[in-house]
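Here's a protein model to explore, one piece at a time. Have the sequence and the 3D view ready, and find each part as we get to it.

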Amino acid sequence: TKMIYFFGDGKAEGNAKMKDLLGGKGANLAEMTSIGVPVPPGFTISTEVCSAFYENKRSYPAGFASELKEHLGSLEKLMGKKLGDANDPLLVSVRSGAAISMPGMMDTILNLGLNDQATVGLGEKTGNPRFAWDAYRRFIQMFSNVAMGMKGEVFEAILEKIKADKKVELDTELDADDLQKVVTEYKKAYKKHMKSDFPQDPVEQLQKAIDAVFGSWMNDRAIHYRKLNNITGLLGTAVNVQSMVFGNFGDDSGTGVCFSRDPSTGKKVFYGEFLMNAQGEDVVAGIRTPEKLSSLKKRNAAVYDELEAIKDKLENHYHDMQDIEFTIQQGKLFLLQTRNGKRTGPAAVKIAVDMVAEKMITEEEAIGRVSPDQLDQLFHPGIDPKMKKSLSPLAKGLNASPGAATGQIVFSAEDAEAWAKDGKKVLLVRKETSPEDIGGMVAAQGVLTSTGGMTSHAAVVARGMGKPCVAGCKSVVVSGKAMSVDGKKFKEGAYLSIDGSTGEVFEGELELVSPKITKDLATFLGWADKVRLSAKREGIAGVGFQVRTNADQPADAKVARKFGAEGIGLCRTEHMFFDEGKLEIFQEMIISETAEARADALKKLLPLQKKDFKGIFTAMEGLPVTIRLLDPPLHEFVPKTAAEVKELAAKLGIKPAQLKAKAEALKELNPMLGHRGCRLGITYPEIYDMQVEAIMTAACEVQKSGKKVHPEIMIPLIGTVKELQMLRANAEAVIEKVLSQKKMKVDYKIGTMIEIPRAALTADKVAASADFFSFGTNDLTQMTFGYSRDDIGSFIGDYLDQGVLPRDPFQSLDTEGVGQLVSMGVEKGRSVKGDLKMGICGEHGGDPDSIDFCYRTGLNYVSCSPYRVPIARLAAAQAVA
Ligand code: ADP
Ligand code: MG
Ligand code: MG
């Protein structure tokens, strides 16, 4: 099979569709070449070679060497130059690039092909010896670092020393002689560390560089990035060998990055940064502060216009916002990379909505342009605007990634991780971040850097994570474990707040507030709903895939409804008992010695529960409300400390010892597998009777006021159909009593949770007594794995690190195992009752991957926490689409 693909001179063997084989960078270099964008010629070694390299213990497939030689020959012919030529050498870059872009994760080597002789030749040929020595010293540093694993600091120290000796600050202030001195020192350092001379043979250089790019596929940073972003199933990285163009040729040359729209806000403005007389990573490295694209217009209007036209051409070609790398060599423009640009959540929504209006994409395509995680960012907190008015910022930097964060400052990634582990909220403050800091960025609430632009590492990575970030905040001076702003000192642990949407930094811990739904967002979610609600599935009654919410209080229900919830999938009644006033009566009920005493307490509880339910029914007017009868073990409600026991005993007029004895009696060794859920309903039927009476009287009263109600009474923790039969009969008796007293009809259902494996295994039997199923996947996961969800913290970290589990099964549904029980429940249930309504109410109802599974398994709805509802609406639409 073909291993290497050529691009150059308007023709290419690859194209944009070949990302899996050529990597994103290679595929787009080929595509740009074919559509007439000026791209320096080169060739791409496929990802298949990378995968073969690892399969064959890091050696190349047969025929690789000759194919490489052949392509190098074609490139040399096209360029009219030879690699390593003493008079007019061809120089190339060796660039990595996998199918999914991993910014900064793998390393690039520039100016390859230079040696002592070729450098002199290049200087003479171009009449620019300074440039030649600059290129050589960059090459030695990159090659030694990337290909040979030497520390970059060794070289930085040498360069700093030579600059200090000459009393200059910038690299650009060094002349040819200085740079030649730098090269001599670099080579010495190389020899000292590597115990051999710097390789002068360009073919050897090239081979070592290719080895290094393939090697970098398995470096810790790359592995960590893939793990963090759940990137699996790639063959490897491709290697792009491309002829060099030089942004460091002089003041008429430069290099930059630009975006076809603003990646932070999504606004349709041409946006970017560049540096004159600079090469490669200089712009993102934050060494010199880059200039805005608008000043390129002043420097060279023709080049600016050409770049702008190419930007439009690329956006129209790819139908998406482009992130573009360019270099100008002596006033001539070259494109070095284009890809669909990473963007913030707000930008993703705005771009999707704008592009539909511009007829660039369809509504259905737009739905796929925003990930649930990006949408989540729109629901990130900001600083309370009322509070903000009265504040003046301590400092201002770039608004690198939106959202506000507040926390204690720390100055290293390790500290951020350690403090976060102790439950502290931290802000990571750095001069600039590097890929080693990723773990710390994940652990921090937000990131603040003192140097670097909008395309610096910190900015790009934070935007990708949806983490608030203020970058390039120049007045912040970091030194050791402290920072200062205009002379004012802040030590580690001090509280600061940042607003990544404005770039402001504030002193102290500020109040954060949640955002509102904007017009664009409403439009976008409307499209998602259209797709989601028109879903038809064979063999499944009803149309659409719905999103409900888990809410116990009217206020939560209202929020969820505003966010688009189509009902309540889980109302936990026990949460209602924790309110002041109710808890005491409930405790009185629990410790009652006689059935009469218990009945008395329940009578007092009845009107209070009824009030709770009326509030919920009113808030959810017209929508179904699933109410779960009491679920947790009773001992959770009795006082624990001696002082609490004493206080409650006094209130109830009993002896503390008596109360303590009762509490002791309720203790269980394994409460989650103990006396809870429907088991309570069987042993204390009067508790469930009270709850059902409260639900139904509330329903009657709300209905009487002219509002539609649809109560769904849900019995938890069923393991055998007998439990459900008995409790259903009890409930029906109460319901009949209430309805005949009120002389009313109410549209109600009685169903059950499927959360014990036995219930799923016997779902056909259970279904006979149920009007609906709701999969309680928290307990189902707990009982299927046999992991106590409250104790999983002690080992889940090791399990994930050692690859025992791919993901925490309480966060993302284990489709392979637990999922089988869900599927079985669905199938068996529907085999008895074709129109049985089914949903999920575990935490998984808000997880996009789990939502996809729920749709494919045939559930009618998912239910999740109120703030997750919009994310679930999008994930549901993407599952359907
Ligand atoms: P990354 O994937 O980290 O962005 P790249 O392969 O894009 O790495 O290269 C890093 C930098 O080197 C980019 O700024 C790019 O523009 C520059 N570069 C790569 N190849 C060339 C080349 N042939 N000529 C000039 N600059 C190049
Ligand atoms: Mg790049
Ligand atoms: Mg449960």
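Let's begin with strand β31 (residues 749-754), which is joined to β32 by 3 bridges, the two running parallel. Helices and strands here are DSSP runs numbered from the N terminus, where a helix is H or I with at least four residues and a strand is E with at least two. Two strands count as paired if DSSP finds at least two bridges between them. Within this pairing, I754 has F775 of β32 as its bridge partner.

β32 (residues 772-775) is also joined to strand β33 (residues 837-840), by 4 bridges, and those two run parallel. There, F775 sits opposite I840 of β33. Are the faces of β32 covered or open? Both faces are covered: F772 and S774 on one side, and F773 and F775 on the other, are all buried. "Buried" is for a residue with 20 or more other C-beta atoms within 10 Å of its own, "exposed" is for 12 or fewer, and "partly exposed" is in between, with C-beta atoms placed from the backbone.

## The model as a whole

This is a predicted model, where local features need pLDDT of at least 70 and side-chain atom pairs count only at pLDDT 80 or more, while totals for chains, interfaces and linings use all residues. Residues are numbered from 1 along each chain as its sequence is written, and chains are lettered from A and ligands numbered from 1 in the order in which they are written.

Zooming out, the protein chain has 36 helices and 34 strands. Its C-alpha atoms fill a box of roughly 105 × 60 × 50 Å along the principal axes. Of the 881 residues, 51% are buried. Take the contacts with a separation of 6 or more: 68% of them are between residues 24 or more positions apart. A contact means that the C-beta atoms of two residues, placed from the backbone, lie within 7 Å.

## An enclosed strand

Now find strand β10 (residues 271-276). All 6 of its 6 residues are buried, so β10 is largely enclosed by the rest of the structure. Y271, E273 and L275 point one way, while G272, F274 and M276 point the other way.

## Two open sheets

Strands of a sheet pair through backbone hydrogen bonds, either parallel or antiparallel. One open sheet has 8 strands in the order β15-β25-β24-β17-β18-β19-β20-β16, with mixed pairing. At its edges stand β15 (395-396) and β16 (398-401), each with a single partner strand, so one side of each has no neighbour in the sheet. Inside the order, β17 (residues 404-410) and β24 (residues 495-499) pair in the antiparallel sense over 5 bridges, and A405 has I498 of β24 as its bridge partner.

Another open sheet has 3 strands in the order β21-β22-β23, and its pairing is antiparallel. β21 (476-479) and β23 (488-491) are the edge strands, each pairing on one side only. β22 (residues 482-485) and β23 pair over 4 bridges, with S484 opposite K489 of β23.

## A lysine in a helix

Last stop: K610, found in helix α24 (residues 595-619). Is K610 buried or exposed? K610 is buried, because 20 other C-beta atoms lie within 10 Å.

Which residues does K610 touch, leaving aside its neighbours within four places in sequence? K610 is in contact with A694, T697 and A698. The C-alpha atoms of K610 and K745 are separated by 18 Å, and these two residues are 135 residues apart along the chain.
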